Amino acid sequence: MTRYILLLILPLLTAACVPDGHRPYGVQADLPPDLDRSTEVELSDAYFAALPDCVTILPMGAGTDGGAPILEAAMTRHARDRFSRVIGGPERRALTDRLLVDLTVPEDRAYFARRTRCRHFLTFAPWGGEELYAVVYSRKTVGIAAQLTDGGDSAPLWRARHVAVRSDGSLPLSPLGVVIGAFEAARLEGDADLPSSMADDVARRLISTLPDLGLRTGSTVLTNGGVLDSGPPTMGD
């Protein structure tokens, strides 16, 4: 039992010594999941040919345990550090209602892109990470895989994935150690601010792998409720 507890606590004791960094997308990490803080990333040459300056954040799909709005807000917030215009949340919903489109349909995404002149889409989904609660030790994780596309079937211009990990507890070497470990683990389990903090962490790490081309949200002045091409749909639309 003691050996099992030590294996659980080892990540907590060594996490502070583990450096952050990037590694190629799909390449196995050198460290176990609890210790790996790196972000997998792949950037296509087509990214620099396209030089995307506007992106629409698409909502996360089903099976997200209620964390989707928090994660979407975090991705939208950090994307503003890389793009001159970011369409997410309320603005995206208002535009889809106005244009009568369903962004899960490729043809509708293409129409949306033309009407808003925002040609790229950022999608994200849950990925990796395992949570654990063992009385004297607690581990919480939020893992996201994200990619930037032109909305069609072409390969992603960029993709990245990262798992944010928070853990707490202590070595149960004495009765007092058991009490302290149980208290610290329970405190982590009950931290109401933890989901927002971890969502912000994983979003920041993902978006930071995008090239900084000096674009910032706020440089594009929009009219007509965000629809730049306000003319009626044509037969080609």
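Modeller: Gladly. Keep in mind that this is a predicted model. The protein exposes about 12,600 Å². Carbon and sulfur atoms supply 57% of that area.

Colleague: How many helices and strands are there in the protein?

Modeller: The protein has 7 helices and 8 strands.

Colleague: What share of the residues counts as buried?

Modeller: Of the 237 residues, 43% do. The cut-off is under 20% relative accessible area.

Colleague: How many disulfides does a search of the whole structure find?

Modeller: The search finds 1 disulfide.

Colleague: Why is the link between Cys54 and Cys118 called a disulfide?

Modeller: The S to S distance is 2.0 Å. The cut-off is a pair of cysteine sulfur atoms within 2.5 Å, so Cys54 and Cys118 qualify.

Colleague: What is the handedness of the link of Cys54 and Cys118?

Modeller: Left-handed, with -100° about the S-S bond.

Colleague: What does the pair tie together?

Modeller: Cys54 lies in strand E3, residues 54-57. Cys118 sits in the loop between helix H5 (106-116) and strand E5 (120-126). The pair therefore ties together parts that are 64 residues apart in sequence.

Colleague: Why does Cys54 count as buried?

Modeller: Its relative accessibility is 5%. Buried means under 20%, so Cys54 belongs in that class.

Colleague: And what makes Cys118 buried?

Modeller: Cys118 has a relative accessible area of 0%. That is under 20%, so the label holds for Cys118.

Colleague: Among contacts between residues at least 6 apart in sequence, what share joins residues at least 24 apart?

Modeller: The share is 68%.

Key: Residues numbered from 1 in each chain as written. Predicted model: local features only at pLDDT ≥ 70, side-chain atom pairs only at ≥ 80, totals over all residues. Heavy atoms only, no water. Helix = DSSP H or I, 4+ residues; strand = E, 2+ residues; numbered from the N terminus. Buried < 20%, exposed > 50% of the residue type's maximum accessible area, 1.4 Å probe, protein only. Contact = heavy atoms within 4.5 Å. Areas by Shrake-Rupley, 256 points an atom, 1.4 Å probe, with all protein chains shown as cover.
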